[in-house]
Every structure is written in structure tokens, then in C-alpha cells.
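Biologist: Could you walk me through how to read a few features of a structure like this one?

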Amino acid sequence: MSIITVSHLGKDYRQIRRIDGRFGAVRTLFTRQSMTRTAVDDISFSIEPGEAVGYIGPNGAGKSTTIKMLTGILVPTRGAVEVLGVEPHRHRRRNASRIGVVFGQRSQLWWDLPVIESFELHRHVYDIPPERYRAMRDRCTELLGLGDLLQSPVRQLSLGQRMRCELAMALLHQPEILFLDEPTIGLDIEAKDRIRDFLRTVNREQGTTIILTTHDLADIEEICPRIIVINRGGLIYDGAIQSLKAQLGSQRQVTIDFEDDPGPITISQATLLSDQGRRKTFAVERSVESTLAVLSSIASSHPVQDVSFAEPAIEDVIRTLYAGLGKAVPESDELDRWSRGRVVTQ
Amino acid sequence: MTPALFWHHVRLRLRERMEYRGAFLLGLLAQGIGYAAEIAVIWLLLHRFEAIAGWMWPEIALLYSLSVLTYAIGAAFTYSPMTELEQMVQRGTLETVLVKPTDPFWTLIGQRFNVGYLSHLLLAGTVMTWAIATAPIDWTPASVGLLVATVASGSMIQAAVLTLIGTWAFRFTRSWTLFAINGQASRFIRFPIGIFGIIPQILLTLVIPLAFATYYPAAILISEDGQLFPGWIGWLTPVVGPVFMWVAYRTWTRGIDRYQGAGG
Ligand SMILES: Nc1ncnc2c1ncn2[C@@H]1O[C@H](COP(=O)(O)OP(=O)(O)O)[C@@H](O)[C@H]1O
Ligand SMILES: [Mg+2]
């Protein structure tokens, strides 16, 4: 039995066109010009209990819109959604007690109060039995290293610390599904790692189903065996991350900053991609061994200042996927216009 | 949402405010001074003219204090959530309320309960105490009941008006104007309704029934005759508040449903 079923799902946003200038507010009211924009179009998938699924796509692809329909915040324009056996928007509040939601960009904690106050309120809002609450709170505190943070006012926390608290709170009522909309956005590597570790543990130990949106592929690689890729509102890939990675090729980019320009370098396991004197970029095999081999052989002959690795960006993934479908990537500026919109005057 | 859960929200909100005690107290003081100045002006006017539309100073004071008191109580509940609604839509914070298993209306009101109206409350309470001691009121169980019911019901009317404006602003325009107009409109009900023309009387009775929060019950208390509408309609006050509040609550909830349909 699937825990989430989505079939031919679509969402159009209707925006009332605001008229600026003199009497703008009044004129807006009476002209009622509106535009329709399709944010999600004909998406179908289903998710089994205990899965961890990465929902990825570039900005504006329709990830948040999908999450909002799955959590019951928005009503679908077309198609059907079923979460835990019900239509989320029809049973929004009942559904709410069985799911957890974390928004990367908006806090659900009380800004000026110690974190623990928000947790306590959450306990009452979700009517969690005291022992279960304590057990869950302590477990999350331990796994996420919250410790003293719980006694600090939220406004004094760093973004990473706050996100850890948000995550813990979303799990206090032991939701069957955890929805995360860009949970790692703006975080440093260490904070990201901590959150990824935690999500993996929650998924394995508690069997919590996880749906996570991101435009950072690294999030997915570590947490989600399965990914769904969307672009411009449409689904373009649904499957194992492994086979997508195979399609992406087996190389990664290594950029090295040297202390001085070392001149031309030739190494058998690396291909030079770009050369800007002190900064050179190579393509190397993805395996740790070959990356280390390349690095150590370079570093042994030239002093190195800094090294960075670039995983394929989401745009590369999209390009590869379209190539696989034998289609061209849609023009990006098409996205920005109201291309799919139409003007309706009521 | 249970009352206990609602007060839990309010308690947190109060504690949040207390984090900025200085600013909070200063705000109270500023508002208190503003209202005190207004009372002084009315008092001075009456000193010259003795009465407005046949209402003497203690009677005007009763009206005035009813108006401020019901506004303070009503606005403490709905002013902040309603004025902030549009911004919450823009910032997406409304969504954090919609994913909770509690009624969004009560959640928001609890989260944003406004204690800043405390000075209104103290001031209006003082003026009212003096007014009911001085005005020629025939104290019977019925009149005492009416006064108590008027405070409760009138507060609901005021809260409901703010809720309806909030719903409107959130659906159509970014209009602060509406809240400002309401601020002005609510001044009307601090005076005997008879001094206004027919249209304001009809508006304040049938469209936005704010006159039920002050004028009509006060007219009964001091045995004043009816104006455009008969005097006895003041006895409807205890019903008007809950009904109007219920209408406002339903309208607001429908507004939220629409939001869910159309997207922000
Ligand atoms: N409230 C809204 N009103 C109108 N258009 C919207 C609204 N929210 C999102 N959109 C548009 O819908 C598309 C998908 O948005 P979104 O789901 O937020 O994408 P993502 O989360 O993948 O970045 C975008 O083109 C965006 O501009
Ligand atoms: Mg998004």
C-alpha cells in the first residue's frame, strides 16, 4: 500500500493583477484582471512507507508547490493526491497530526523564546503523551547535539542551530511522513552534514517516510536512494539515484589553486578542463582513490593553496536527462515570462 | 482548539513581549497619553456646551468608555493577526499555521494576541467606573446584565469588524487604508448617534453594527429615546456580537479556503 499517491497532479496559480498608481487599489478591485500560471503539470508518482525520496529541480520548477499540495496547504487544480489514505486538503487538520513539515526558509519556532517553549507548545498542539514526548525530545536532542540550545532564545541561534531545532520539533509527534522543503538551504557544510546524518538515522531507525526537496544534489546522494526530478512543473525522471549517476558519467571536477602558477601540468588520470594560471580545473574519476592519487601527485611537485570539488549541479542533471530523452532543454527565459499564462478579464 | 491550548499560545506571546519590556511600557504610556488627551478635549467641549444631543458629560463618558473598552478587548484578539495577515501570506508564514492540526483562526489569534491595549483598558475602565457612578442609571438586574453583556458582545463586534477587514485586505488589496478608515469609523460610536445623519445611523446599525457596542445599550441604560431605530433594539446587543463574530469567523475561514484554492 502506497503512503502517497499522486496522479496527473496539476496546479495553476491565479494572480489578480494589481494596478499601480492612482486609485490602484480600487481599480484592482473592480477590473479583476487575473493571470493563470501553471506551476505543476501532470505529475504522477507513488511512494511506499519508509522510503526516502529526493524531489529535485531548479528554482521555480514547482517543488514547493507540490509539497504544499501534499501537505494540504494548497488545493490541486487538476489530478489527485492521496496521503495516508486521504485527500490532504479535504482533511488538512487530521492529516497534519500525522505528518511533519519543515520549511527551510520559515521558522516555526517562537523567535524570542527559548526553544524548549516551542517544543512544549508543540506537545500540547499535537497532544503528545508526556512519556512519548520526553523520549522523542531526548532522542532528537542527542542525535542532533542540541544540548544547551534548547534553553537559548531562538533569535540567538545560528541558522544551522535553528534548523536542527526545527527538525527536532517536526519529529516530536512521531509523524509517519516528514516533508522537508529545502532544509539545507543557506547552511554550511558541517550543518548540512549533521542534518543529513540525522535524517538518514530517522529514516532507518523509525521508518519515517521522508520527502525532501532541494536543488543540492549532495543532499539527495546521502539521504535518498530514490529521486524524482522535475523541471518547469513536469516530471522528467523518477528512479534510483544510482542509475542517474551512471547517466551523469563517472567524473567529477577538481579545482586547484596553486601558490604560484605551476605552468602546464600533465597527469595521466586527470584531464585539464580549464587553465587560468594559478587556478586549474581537472576532470578526474569519481572514486576516492583516484582523486587522492591525482591530488597527491600534484601536491608533491607544486605547492597547493586550496582545493575544491564540484559535483554536477542540478542544471547538469537536467541537461543530461533531456539529452537522454532526445529533447532540447527548454529556453530558460521562457520560464520567466508569463508564457503559459493567459489574461482573463472577468 | 481548547481554551487551555489557546491560553498557552497567549502566554507565550506575553512572555515574548516581556522580552522587550522597555519598548512595551513606553508604547503603553504613549497610547495612554493619547487617549487621555482625547478625553480632555471632549470634557472641555462639554464644559462649553453642557450637552451633546441632550447627552450630559457622564453619559458621554459612558459611551466613550464603552467604545474604548470594547475596542481594546476586541483588538487585543484580532488586530495584530488581521493587520499582519497579508504580510504572512507574502512571507509564507501563513503556511506554517496551515500545517498544524489546530484551527488556523484561533491559532493565529493566540499567537498574535496583543497586550498593547492594556492602557486603553485601564483608561476606559477608570472612565467607565466614574460614569456609571455618576450617570442617572436605574440599576436593576436587567440593566446590570445588559452592561456586562454589552462589554462582552461589543468586544466581539469590534473583533469581528477587524476580522472582516482583514479578510478583505488579504483577498483583494494591500490596503492599510481600510484599517485606518475603521479607526476613524469607530470614533463615530463614541458620540450619540442622533447627531449624525440617517446614512451613518443605518450603516452603524445594519451594515457594521458597531452602534450595538455602545450607543444602543447605553441609550437604554440612561433611558434615552430611540432615534432612527427604536430604543429597544439595544436589547439585541447580546445576540448581535456572537452572531456577527460567527459571520466574521466563517468569512475569514472561507477566505483561507480560497487562498488554498488559488495560491497566495
Ligand atoms: N503564490 C504564487 N502565485 C503565483 N505564482 C507562483 C506562486 N508561487 C509560486 N509561483 C510560481 O510557480 C512556479 C513554481 O514555484 P515553486 O513551486 O515555488 O518552485 P520551486 O519550489 O521548485 O522553486 C514558479 O514559476 C513560481 O514563480
Ligand atoms: Mg521552493
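Modeller: Let's start with contact, which means heavy atoms within 4.5 Å. This is a predicted model, where local features need pLDDT of at least 70, side-chain atom pairs count only at pLDDT 80 or more, and totals for chains, interfaces and linings use all residues. Residues are numbered from 1 along each chain as its sequence is written, chains are lettered from A and ligands numbered from 1 in the order in which they are written, and side-chain values use heavy atoms, with hydrogens and water left out.

Biologist: Which residues does B:Ser155 touch, not counting residues up to four places away in sequence?

Modeller: B:Ser155 touches B:Thr70, B:Ile73, B:Gly74 and B:Thr150.

Biologist: Is B:Ser155 buried or exposed?

Modeller: Buried means under 20% relative accessible area, exposed over 50%, and partly exposed in between (1.4 Å probe, protein chains only). B:Ser155 has 7% relative accessibility, so B:Ser155 counts as buried.

Biologist: What does the side chain of A:His173 reach?

Modeller: A polar contact is a pair of N or O atoms within 3.5 Å; within protein, one must be able to donate a hydrogen and the other to accept it, and residues adjacent in sequence count only if both atoms are side-chain atoms. Here the A:His173 side chain reaches the backbone oxygen of A:Ile99 at 2.8 Å. A:His173 is also buried, at 6% relative accessible area.
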